[in-house]
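Here are my notes on this model. Please read them with the coordinates open.

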Amino acid sequence: MDQARSTISKIFNGEPHSYTRFNLTQNMEGDNSQVEMNLSTNMDEEVGGNGVGDQLNHNNSNRKPFVAQKLVRKPKNLCFMAAATLLIFIIGYLIGYLVHRKKDLAPSCEASKDSFIEPSGYETGAAPLMDWDDVKQLFALKLSAAKFEPVFNEFSSTSHRAGSPGDESLANKVINKFREYGMTSWTDEHFVKVQDPPASGANRLVFKNGKVESPEGFLSYSANGSVTGAVLYAYYGQESDFRWLRDNNINLTNRVVLVRVGRISAAEKVANAAKMGASAVLMYPDPDDYSIGDSTALFGHVHLGSGDPYTPGFPSFNHTQFPPVQSSGLPKILAQTITAGMAANIRKQLGGRNEPESWGRRFKLGEESDVAVVEVNNALVEKKINNVFGVIKGFVDADRYVMIGAQRDAWGAGFATSTVGTSVLVELARSISDMVKNDGFKPRRSIVFASWSAGEYGSVGATEWLEGYLSTLSMKAFSYINLDRVVTGQREFKAAASPLLHGLIESTLAEINSPNKAGTLLSKFAKGNLESNVLEPLKLDNSAYPFLAFSGIPSISFGFTSANPDYPYIGTMLDTKEKLNSATGNQVAQLAEIATRFAGHIALRLVHDHLLRMDLTKYNNVIRAQVGEINSKVNTVKKMQPQLLPKALTVQWLISASGSYSRASRKLVEDIKNSDLEDIEMCRIINDRIMMVERNFLSPYVSPRESPFRHILLGSGPHTLKALSNHVEALRTDHPEADADLFHNQFALATWTVQGCANSLTRDIWSLDNQI
């Protein structure tokens, strides 16, 4: 009303033109759309005997005031003036009301400063805020176990290897679903190089001049050729297993290493064997771990990385022209899978020393006379693959998005590997898009759904997309949710994620009922200790790993699993609906529904709240633990073998950088509590500071081509804090690869990466703590 009175007062005090700007709505970028309203009549229009449209002569300095002219000369216009005055009053009143209402409903993050508690009412003029409990209930109504069976049937396929007609057919089904749900959708095409089984002939194995074996399974990206060497059993092929063999003076050079499948990825087993001088690796499913029969073939890959290894660090678009190059993660030794029956035949004939008791102590390790010939003839082929996308656009920060993805291809039927995940992806898209179209839900940020191809070859489709749009994604995608293998059992629930998401995982588990409604997922599976019973490290062969360690996007992978051993049919032709039903007590649909709820709650929470629900202080413990381990080892070496380390080396720099991050993360929490967050732009600024954390843990000092997983805390390579700790140990034991000067350099770079992350988190250069 005050603004209305002011407007009218200005008009009657002789101000001929008055404009008021007010915010009608807010566009997708958060900028204000302005509307101008002319609140005055054109006082230069004459209403005289010649008609209302006649123009007044502006050059006549002797003309009388317009109002006076009307009152004296045209008394018949008194009614017109009264009506005009009333109209102006009404317009002014409406403007005052709208402005006052806008202030009441101004977008505010104030209520979400403490513990991310959401306010009631409206969050912006464009997007009415639905209460979180209402969002949960609405989402729950969209899902049921019964709806999954027809989706399973629609997306099941016995043949959909990456780049095949079956893969393309499934891609078309997914994008048609996205379009049916009214989502903006598109495809992303890549031409990638992968290894397939020999186009003619076969890979071969001959042990002690016996029967020639031709394994059906294979390991993509193995080196090709033929080698002859003595077989050596190396348990799971872990670094600790090879270290035991070396410490017990067992020759590893040019040996054909026989290892079990499991515990670490096939690529890591081959890399570990290559470092010890082995010439080939044979992998088999041990009956103690996998009950899949003696003749079941295994499929996989041995690229110590992800994506197309022939375009490392850059995308494999068709128009990309780069000189021939190979990933540093490609092995230079042979690798081949064999069946459990073939392995049993070899192990029974091995001589030499007994294996250690911790390995089983049932067989021998092998001796120099246990010779085998291994021949690998894999075919390198180029394939066209398509990633498929659909998006539900946000109503406030449309250019910020959470991503949800699932692998679409498989070696065979791949029911647990790809069908369940693709079905969950489609059901999530259907449910949330329906909430937006029909129920009034308006997410603040966008949700991007992705169906990836060539996942079996090492997350090729997903990684090529990341490489192609890395600069665009760096400040746009704030989280990735992986749906691969969300159901492989029913006895346990496991989640691997960035520490930033651990708190959100815990609160989400507390919101969702466990199977058969026997309490919540938190009470049933965490059992009072989330870290030991639910959380686990994100491994190299997990599809979410490149998002986190290569792109710096906080990521999560989760699923229902069996107790050890887990579902044994991954990477085989036996991964069928019948096998998975058997492993879950015919509860696949029910478990898929709960997994969909879990993924949906995480995604919806991330696009609903004013502030991103990520706890920056969680990284304090991770950094402190790794720095403490390095400090302890360095101090031990300085006391016992001081000549091994440079005199100038001090861990205090790294400890101070760790403290800087801790202070910076706490400072942001204080900023959130103490700031007067009256508009959405302040929320966006704070969210951007949160989004920078994961990305800034990527070391800027290593090449993405040589060390793609640049995350210094969760990545892999010599730049990580874990590698620094191992390097100190190598110096202490006088390992031939240890280098004190190299360690000093890597130590300094890692220190500044931590400090740089802390500096970035403070946002303003005048707020930086300059003391490292």
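1. Ground rules. This is a predicted model: local features need pLDDT of at least 70, side-chain atom pairs count only at pLDDT 80 or more, and totals for chains, interfaces and linings use all residues. Residues are numbered from 1 along each chain as its sequence is written, and side-chain values use heavy atoms, without hydrogens or water. Helices (H or I, at least four residues) and strands (E, at least two) are DSSP runs, numbered from the N terminus.

2. Seven strands make an open sheet, ordered 5-4-12-7-8-9-11, with mixed pairing. Strand 5 (212–213) and strand 11 (334–337) are the edges; each has a single partner strand, so one side of each lacks a neighbour in the sheet. Pairing requires at least two DSSP bridges between two strands.

3. Strands 9 and 11. Strand 9 (residues 280–284) and strand 11 run parallel, joined by four bridges. A280 sits opposite L334 in strand 11.

4. Helix 7. Its buried residues (under 20% relative accessible area, 1.4 Å probe, protein chains only) are D241, F242 and L245. Seen down the axis of helix 7, they fall within an arc of 95 degrees, taken from the directions from the axis to the C-beta atoms, so they line one face. They pack (heavy atoms within 4.5 Å) against strand 7 (225–233), strand 8 (256–260) and helix 8 (266–275). Just after helix 7, N249 has a positive phi of about 60 degrees.

5. Helix 23. D739 caps the N-terminal end of helix 23, with a side-chain oxygen 3.0 Å from the backbone nitrogen of D741.

Terms used:
A polar contact is a pair of N or O atoms within 3.5 Å; within protein, one must be able to donate a hydrogen and the other to accept it, and residues adjacent in sequence count only if both atoms are side-chain atoms. Buried means under 20% relative accessible area, exposed over 50%, partly exposed in between (1.4 Å probe, protein chains only).
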